[in-house]
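Open the model in your viewer and keep the selection panel at hand. We will go stop by stop.

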Amino acid sequence: MRLVTGGGLICLALLGLVLVGCESGQTEGQKQVDKLSSAIHSVMKDVEGAKAAIQKTLDAHDQIVHNTTGDLLTPFKAFSKGVDEIESYDAKIGESVKEFEITGSAFFNQWKSSIDGFQSEDMKKRARDRYETTLGRFKKLEEATKEGAAAYDPLIVKLKDHRLFFSNDLNKESAAGLAEDDAKIKELSDAVIAALDQVLEFGASYNEAVAMKTAPPPAPEGGDKPAEGGAEEPAQSCVPPGVAGSTGPVTSVDRRVTPRGVPERSRLHER
């Protein structure tokens, strides 16, 4: 292990000051934008998990009521575990939606009160218009979460009833009898998936609209290119060289790559 001494201590002290400066450069409103975006991301992550759990549970249910292997116990175990997972995601989504609503309420109240601080009527109108537009996106997402919750409960009830039925009567005859519920389960699951997809769509739309950092636009076709054998000028970064995320040369600190935020959307279950 190498010890940091002398000039190294001074460099670390200066590095700390620079990083604090980067953080303190954000206004309170901008911090709340980030906090709300993070809360929305949490909702979307739980929704993706719920969709995957529903898909897996319905597949296991199909293997019971349309069994071709003669083994009903194995798919029943998977089905029972899946029902628990779906119910668990119901609670997770409820908690993340609650945090999203609390955070959103605080942010939009703060933003609305700040509009009166403008001296120019023109700027005040522009700020109010932007506030109304962004609030409208938030309200769409909020409504989508409520519709998702309303669609989620009937599916859970139906699947739990099937699990209870099979817990005492799991055989070829009983399984074939519950196959008659296929159409109803498909109707309920399709409604849930559609509602959850709305949450993902409006969540992604909101976060994209308010993002303070986005990918740079593509270079124009036929535009200037760096000379052959040369390199483009590195982008300037608030993070000093050598620190994770810096665009400068690496010195004594490793460059680390962080995972992307939102998972790819899962494919819908085609029944």
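Contact here means heavy atoms within 4.5 Å. This is a predicted model: local features need pLDDT of at least 70, side-chain atom pairs count only at pLDDT 80 or more, and totals for chains, interfaces and linings use all residues. Residues are numbered from 1 along each chain as its sequence is written, and side-chain values use heavy atoms, with hydrogens and water left out.

**Whole chain**

Start with a cartoon of everything. The protein chain has 6 helices and 0 strands. Helices (H or I, at least four residues) and strands (E, at least two) are DSSP runs, numbered from the N terminus. Read from that end, the order is α-α-α-α-α-α. Take the contacts in the chain with a separation of 6 or more: 76% of them join residues 24 or more positions apart.

Of the 271 residues, 32% are buried. Buried means under 20% relative accessible area, exposed over 50%, partly exposed in between (1.4 Å probe, protein chains only).

**F166**

Select F166, in helix α4 (residues 121–168). F166 counts as buried because its relative accessibility is 2%. Beyond its neighbours within four places in sequence, F166 is in contact with I64, V65, F76, S174, A175 and L178.

**K124**

Stay in helix α4 and pick K124. Is K124 buried or exposed? K124 counts as buried, because its relative accessibility is 14%. Leaving out residues up to four places away in sequence, K124 touches I115, D116 and F118.

**The core**

A nonpolar core is a set of buried Ala, Val, Leu, Ile, Met, Phe, Trp, Tyr and Cys residues joined through side-chain atoms within 4.5 Å. The largest one has 53 residues; select L36, I54, F100, F108, Y152, L159 and Y206, which touch the most other members. Colour by helix next: α2 (28–65), α3 (73–114), α4, α5 (172–178) and α6 (182–210) each supply at least two residues. The largest share, 14 residues, comes from α2.

Finish on Y152. Not counting residues up to four places away in sequence, Y152 touches A50, I54, I86, Y89, D90, V192 and L196.
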